[in-house]
Amino acid sequence: MARKPNTSVSIADVAKVAGVSAQTVSRVANGSEAVRPATKKRVLAAMDQLGYRPSFAARSLRAGRYHIVGLAMPSNISSAGRRIQFENIAAAAADHQYALTLVQINKKELSLTEASRRMESLPVDGQILGLGMEPYDFESFVPPSSIPTVLISQRTHPLCATVSNNQMGCGADIVNYLMNKGHREIRFAGGRREAPANIGRYAGWVQAMQDNGLPIQDPLFGDWTADSGYRMGTILARDKSCTAIFVANDTMAVGVIYALREAGIRVPEDVSVIGVDDSMVGVIPRLELSSYRFNDERVGSVAFDLATNPPAEDLEMPHILVPGTLVERSTVAPPR
């Protein structure tokens, strides 16, 4: 007879019902491959019948691992960038049959030390700290020796592995793409000035413009929203020499295009526009916006791998910048 749900069931109980040894039950509970399929099936059926669940604590103690990775992020994870980052790290964990523990950090307390301190009290095998805005203690942060630590950052850190999308490379790729189309007067419409992603994309634009001997006009900055893109678009519509606009995200790029077209400027016949992140797929029908797509899946996979398989202590900490790809649609054309 099946035990009552609130009755404690032991490995010995399962072994008796399945007609096997307690050691065999233990092997099945721990995922060992050294059990014949027919025997494993019988043991699992006995576990189900008795309502047996392996002890997580005991299993972790025996294996020396929890099969859980901790992820620290700012509390407002609903923003597109953070949501994508979370989803891809969670997917990488699921692919390896790991669970993910999320620690949310208040925007006013973006501290690597605080995030790591909170993570140390949890059962995790490694931690990924993706705090978005650069924490004030980035330079002074010392990771705990007991937990492999990965930072989602464009900057290198002497004591932690770091991984990020190549934001500066994105800026350079877009300028070179527009230049190869024949554009020389390329403007930059950015997001929040202080945002690391914006800083990287802007730096890539400046460097590529300088390397190619192209004229650099004062950039404009918004706040990542379509409304701020629209405001920048109304300003750029008065720039008669501009032939192409590099907008730091797709949402603002949509606003820029609205403003240009309201001013009677055709896109791309008069001015080309390209965004970043390719986030309008499935949002806008018959999508025409050219964009730059980051490989967020790869960033999540690399971050997970580094958190669960850290480099040896005597090796230089890896710093991995993952490149993206251009997505050509119909808002970029050669200048007239």
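How much space lies in the largest pocket? In this predicted model, the largest pocket holds about 1500 Å³ of space. Its lining comprises 50 residues, and those closest to its centre are Gly81, Arg82, Gly132, Ala197 and Arg201. The fold includes an open sheet of six strands with parallel pairing.

**Largest pocket**

- At least two lining residues come from each of helix H5 (80–95), strand S4 (149–152), strand S5 (161–165), helix H7 (167–180), helix H8 (196–211) and helix H11 (296–308).
- Helix H5 makes the greatest contribution to the lining of the largest pocket, supplying eight residues.
- Sorted by class, this lining consists of 21 nonpolar, 18 polar and eleven charged residues.

**Second largest pocket**

- The volume of the second largest pocket is about 340 Å³.
- Its lining has 18 residues, and Pro148, Leu159, Pro311, Glu313 and Met317 are the ones nearest its centre.
- The classes represented in the lining of the second largest pocket are 14 nonpolar, three polar and one charged.

**Sheet**

- The strand order in the open sheet is S2-S1-S3-S4-S5-S11.
- From one strand to the next, the twist averages 20°.
- Strand S1 (residues 68–74) and strand S3 (residues 126–129) run parallel and are joined by four bridges.

**Helices on the sheet**

- Helix H5 lies across S1, S2, S3 and S4, and its direction is at about 180° to that of S1.
- Helix H11 also packs on the sheet, where it touches S1, S3, S4, S5 and S11.
- The direction of H11 makes about 175° with that of S5.

**Leucine 129**

- Leucine 129 belongs to strand S3 and stands opposite alanine 72.
- These two residues, leucine 129 and alanine 72, are 57 residues apart in sequence, yet their C-alpha atoms are 4.9 Å apart in space.
- Leucine 129 has a relative accessibility of 1% and therefore counts as buried, the cut-off being under 20%.
- Beyond its neighbours within four places in sequence, leucine 129 is in contact with Ala72, Leu112, Ala115, Phe141, Thr149, Val150, Leu151 and Ile152.

Methods. Residues are numbered from 1 along each chain as its sequence is written. This is a predicted model: local features need pLDDT of at least 70, side-chain atom pairs count only at pLDDT 80 or more; totals for chains, interfaces and linings use all residues. Side-chain values use heavy atoms; hydrogens and water are left out. On a 1 Å grid over the protein atoms alone, a cavity is a set of points where a 1.4 Å probe fits but cannot get out, and a pocket is an open set with protein on both sides within 12 Å along at least five of seven lines; lining residues have an atom within 4 Å of a point. Grid points are joined across faces, edges and corners, and a volume is the space filled by probe spheres set on the points. Ala, Val, Leu, Ile, Met, Phe, Trp, Tyr, Cys and Pro count as nonpolar, Asp, Glu, Lys and Arg as charged, and the others, Gly among them, as polar. Two strands pair if DSSP finds at least two bridges between them. Axes are lines fitted to C-alpha atoms, for helices over the stretch in contact, and angles run from 0 to 180 degrees between N-to-C directions. Contact means heavy atoms within 4.5 Å. Buried means under 20% relative accessible area, exposed over 50%, partly exposed in between (1.4 Å probe, protein chains only).
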